[in-house]
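Me: I have a structure to look at and would like to go through it step by step. Could you show it first?

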Amino acid sequence: MSVAVHTISDADTFAAAAAAHIADVIHKAIGGRDSCILGLSGGSTPRDAYTLLGRRTEIDWSKVTVFLIDERLVSSSDARSNAKLVHETLLASANIPASQIVFPDTSLSADTCTEEYDAKLRQLLGASGPDVLVVGMGEDGHIASLFPPVSAEATGKQFALHTTTDHFEVHDRITATFSALSETKEAVFLLKGDSKKQTWEAMLVSDEGIERWPAKFLLERANVSVIAQW
Ligand code: 6PG
């Protein structure tokens with residue numbers, strides 16, 4: 001598979017460039033199979049890009065199904081919620097039918113939320129996998145809420161896992177597993193800042209595998225593009 005890095009020097013144009021690229025990939029997916037299963041990450045980097053993406057009129061949003069690649073185990077009204085992020089940005093403009101918005105129910109206990117989301121992701125992704133993923137990366141190399149060293153459960157039969165972190169915002173997370181993402185067609189990484197560049201480059205020269213560098217799971221099987229502002 002290919003990796004195309006698009007370097008954006010100006011922080012002010014990063015969101016617009018990211019939105020345009022993601023829109024292009026979504027548009028091509030719809031052109032290919034008349035629908036697009038879109039997986040979104042949370043965090044701070046994608047916020048403005050999601051807002052601009054939702055305003056792209058060339059996309060027939062009625063043909064898009066959106067899911068969260070991971071979520072923090074907080075209320076959907078909490079400022080740190082990825083569901084809240086997506087509702088405030090992409091879904092503020094993109095008219096995606098409610099039945100095509102697949103988010104975990106964080107009002108449930110961690111175990112019940114995980115079981116319920118596992119079933120939702122299996123139903124959504126079991127047949128053909130995600131068409132497009134929008135992925136960030138932490139400075140430790142994590143993607144989604146798959147924190148190194150990533151547990152072997154991530155390559156097991158489950159499609160959703162409850163994971164924890166002591167190093168990033170919100171300790172308890174729900175995340176899609178490698179198994180859920182194994183048929184991903186296109187992965188778009190949004191990376192801003194020199195620390196992300198250092199992490200990305202350290203990964204590329206490392207001979208350690210997906211336990212240490214979960215992004216390698218996508219590099220090994222999807223068409224990967226990187227929108228990099230560094
Ligand atoms: C989350 C994300 C996570 C994020 C990275 C980078 O819920 O936080 O899904 O994987 O993409 O931690 O986050 P930033 O964009 O805030 O640096």
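Reply: Buried means under 20% relative accessible area, exposed over 50%, and partly exposed in between (1.4 Å probe, protein chains only). This is a predicted model, where local features need pLDDT of at least 70, side-chain atom pairs count only at pLDDT 80 or more, and totals for chains, interfaces and linings use all residues. Residues are numbered from 1 along each chain as its sequence is written, and side-chain values use heavy atoms, with hydrogens and water left out.

Me: Is Cys-36 buried or exposed?

Reply: Cys-36 is buried, at a relative accessible area of 1%. Cys-113 is buried too, with a value of 0%.

Me: How many disulfides are there?

Reply: The structure holds 0 disulfides, counted as pairs of cysteine sulfur atoms within 2.5 Å.

Me: What classes of residue form the shell around it?

Reply: The shell has 3 nonpolar, 8 polar and 4 charged residues.

Conventions: Ala, Val, Leu, Ile, Met, Phe, Trp, Tyr, Cys and Pro count as nonpolar, Asp, Glu, Lys and Arg as charged, and the others, Gly among them, as polar.
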